[in-house]
Amino acid sequence: MIQVNHLKTWFKTDEGMVKAVDDISFTLNQTEVLALVGESGCGKSVTVLTLMGLVKSPPAKIEGEILYKGRNLRCLSKEEYRHMRGKEFGMIFQEPMSSFDPLYTIGDQMIEALRVHYPVSESEAKKQSIEMLQKVGIPEAKRRIEEYPHQMSGGMLQRVMIALTLSLEPKILIADEPSTALDVTIQAQVLSLMKKLQKETGTSILFITHDLGVVAEVADRIHVMYAGWIVEKATVFDLFKRPLHPYTQGLLKSRVQREYKGKTLPFISGYVPRAYEFPEGCRFHPRCPKVMEICPKTAPPAFEPLSGREVKCWLYEKGDIQ
Amino acid sequence: MILKVEHARKYFPIRKGVFLQVAGYVKALEEASFEITEGETVGIVGESGCGKTTLGRVIVRIYEPTSGQIQYTDRNGSVHTIDKRTPRPIMKHFRRDVQMVFQDPYNSLDPRMTIGDILKEPLDVHFPKMSEKGKNQKVGDLLLRVGLYPEYMNRYPHEFSGGQRQRISIARSIASEPRLVICDEPTSALDVSVQSQIVNLLKDIQQQQRNAFLFISHNLDLIHHLSDRILVMYLGNVVEEGNATRVFDHPRHPYTQMLMGAIPDWDPENRKLREFKLQGEPPSPINPPKGCPFHTRCPEVMEICSQEKPSMIGCGDQHQTACHLLSNKP
């Protein structure tokens with residue numbers, strides 16, 4: 001569906017060049033859920049913004065290509081990009097409360113979005129919006145469509161955002177931490193709803209999150225990001241069964257598990273580096289428990305120690321492992 | 001015993017109109033009673049809006065409770081009621097003994113104070129006789145204790161990452177050598193890889209200082225790991241209370257069961273959210289439902305639930321639940 005090749009997004013700041021996204025490549029296939037996983041500052045959100053054409057360049061320095069339907073999106077004009085957003089790429093944001101305009105009813109906002117992209121009458125758009133709201137489980141959709149965002153709870157509003165995004169029938173759905181601001185019971189509802197709707201419509205989803213528990217529930221494939229790099233690519237089953245990169249291993253171990261009660265929790269030492277002071281060589285080496293001589297000097301390329309796996313770590317230089 | 005909370009309740013008035021007349025109440029905390037003894041860790045868990053933060057703030061008296069009582073036992077063993085009329089010297093002991101770590105390490109440290117000043121403030125208040133040199137020495141010790149360097153004393157909060165700031169917050173909270181530290185979501189603003197570091201640090205500190213902890217969190221795994229005893233809250237009420245392992249292994253309240261079912265398992269081969277049954281959202285605390293607060297979402301709701309509010313009933317060793325399902329069984 002979408003192919004990203006050697007994408008770089010750099011920002012010039014007073015502290016130096018911020019290499020927020022530094023040479024990443026990935027492919028999002030038809031009807032799959034691809035998860036970009038990483039902690040704050042790893043570049044996952046900047047990747048999405050670049051994909052959506054929302055990073056202004058200049059001042060930002062963007063390199064590489066984003067191929068969609070045989071075209072490089074980086075060559076699109078502003079106007080063309082605007083037509084892509086919404087209709088081709090739907091987006092669900094983290095904070096439903098701040099993503100809606102507080103001065104318009106949710107109905108106004110849903111109808112507007114529909115009519116920008118499709119030649120439908122207002123009453124037709126309203127009818128479609130109500131149907132969509134019912135589909136995402138908003139009770140009394142007819143009445144609630146006249147409400148303002150502040151009259152709804154966070155979980156409810158996130159459903160409305162999903163309804164709005166999906167009513168435009170996008171080919172690709174980009175979900176940036178869609179359940180992070182929600183409570184666990186509401187998160188469970190929203191995630192199972194997204195999964196259900198994806199099955200029905202066959203949309204591809206690019207799922208951005210820091211929560212590996214959520215990833216295990218919804219994703220087909222996972223790309224783990226750290227400090228602007230994709231450090232590991234794998235299917236969800238492979239990754240949880242056998243994480244290869246020491247960072248992924250650390251992340252998986254840092255879950256607070258029942259068996260640890262009364263014991264010290266395993267942890268990754270140190271802190272996530274700031275974007276303008278990424279270390280030389282492998283960017284994970286100051287925190288890596290398996291650091292070798294080469295790591296601080298040269299950045300590792302992506303190795304393929306197992307078929308279908310890709311990992312950016314010198315440990316796998318020797319090639320295949322059993 | 002350090003602290004005993006009896007029927008704590010907190011209503012926030014909603015004011016409307018030109019004369020700001022009270023138009024109703026947000027019933028943030030309806031009913032909570034429990035004790036914390038020396039060296040014990042109590043966890044409070046629940047979703048947003050369940051009143052857990054309000055309860056923490058009522059205990060440290062950031063909020064004045066609408067009704068209910070807090071009893072505090074000082075270091076000599078005498079019991080005092082903490083309210084508006086509590087004499088200042090006793091209040092000062094209370095403040096020294098009960099400290100707090102806040103959720104957001106970015107807003108809870110004064111950006112214009114150096115780390116040294118931040119850590120010295122509690123020392124100035126609670127150990128006025130300590131010499132300047134002694135205080136500096138103590139600040140250095142505190143920084144080392146939380147895994148930072150004494151050289152950081154002259155730096156400002158903005159120079160530190162979220163995890164480091166939370167360490168500074170923790171150092172500040174233990175500076176007065178409190179007997180109880182209340183932690184309101186101490187790790188939820190941090191990255192996953194840093195969370196465990198802070199959790200380990202809190203455990204270490206407890207082993208050295210032998211202080212009690214009150215943990216407030218929505219993260220069930222974390223609460224289980226840290227707590228001896230837990231309280232599950234829903235819509236301002238404590239609905240289940242008991243030994244942490246017991247409540248986790250045998251949750252009795254339907255809400256607790258649902259809450260535990262909603263945590264993803266980190267196992268792609270055993271996806272469970274598809275069967276997730278709990279629908280709807282918690283009702284508004286302005287108009288809480290009559291009877292059991294959970295009855296509007298409960299899968300096992302009965303006729304009595306909408307009429308009568310269940311009280312806490314024992315269901316095994318150190319385990320209590322407020323649910324009509326249990327009261328009907330022999």
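**Exercise 1.** Which residues does A:Leu164 touch, not counting residues up to four places away in sequence?

*Solution.* This is a predicted model, in which local features need pLDDT of at least 70, side-chain atom pairs count only at pLDDT 80 or more, and totals for chains, interfaces and linings use all residues. Residues are numbered from 1 along each chain as its sequence is written, while chains are lettered from A and ligands numbered from 1 in the order in which they are written.

Step 1. List the contacts: A:Gln109, A:Met110 and A:Ala113 (contact: C-beta atoms, placed from the backbone, within 7 Å).

**Exercise 2.** Is A:Leu164 buried or exposed?

*Solution.* A:Leu164 is buried because 25 C-beta neighbours lie inside 10 Å (buried: 20 or more other C-beta atoms within 10 Å; exposed: 12 or fewer; partly exposed: in between; C-beta atoms are placed from the backbone).

**Exercise 3.** What is the strand order of the open sheet of 7 strands in chain A?

*Solution.* Step 1. The order is S6-S7-S8-S3-S9-S10-S11, with mixed pairing (two strands pair if DSSP finds at least two bridges between them).

Step 1. The edge strands of chain A are S6 (89–92) and S11 (310–311), each pairing on one side only.

Step 2. In chain A, S3 (residues 33–37) and S9 (residues 221–226) pair in the parallel sense over 4 bridges. A:Val37 has A:Val224 as its bridge partner in S9(A).

Terms used. Helices (H or I, at least four residues) and strands (E, at least two) are DSSP runs, numbered from the N terminus. Two residues are in contact if their C-beta atoms, placed from the backbone, lie within 7 Å.
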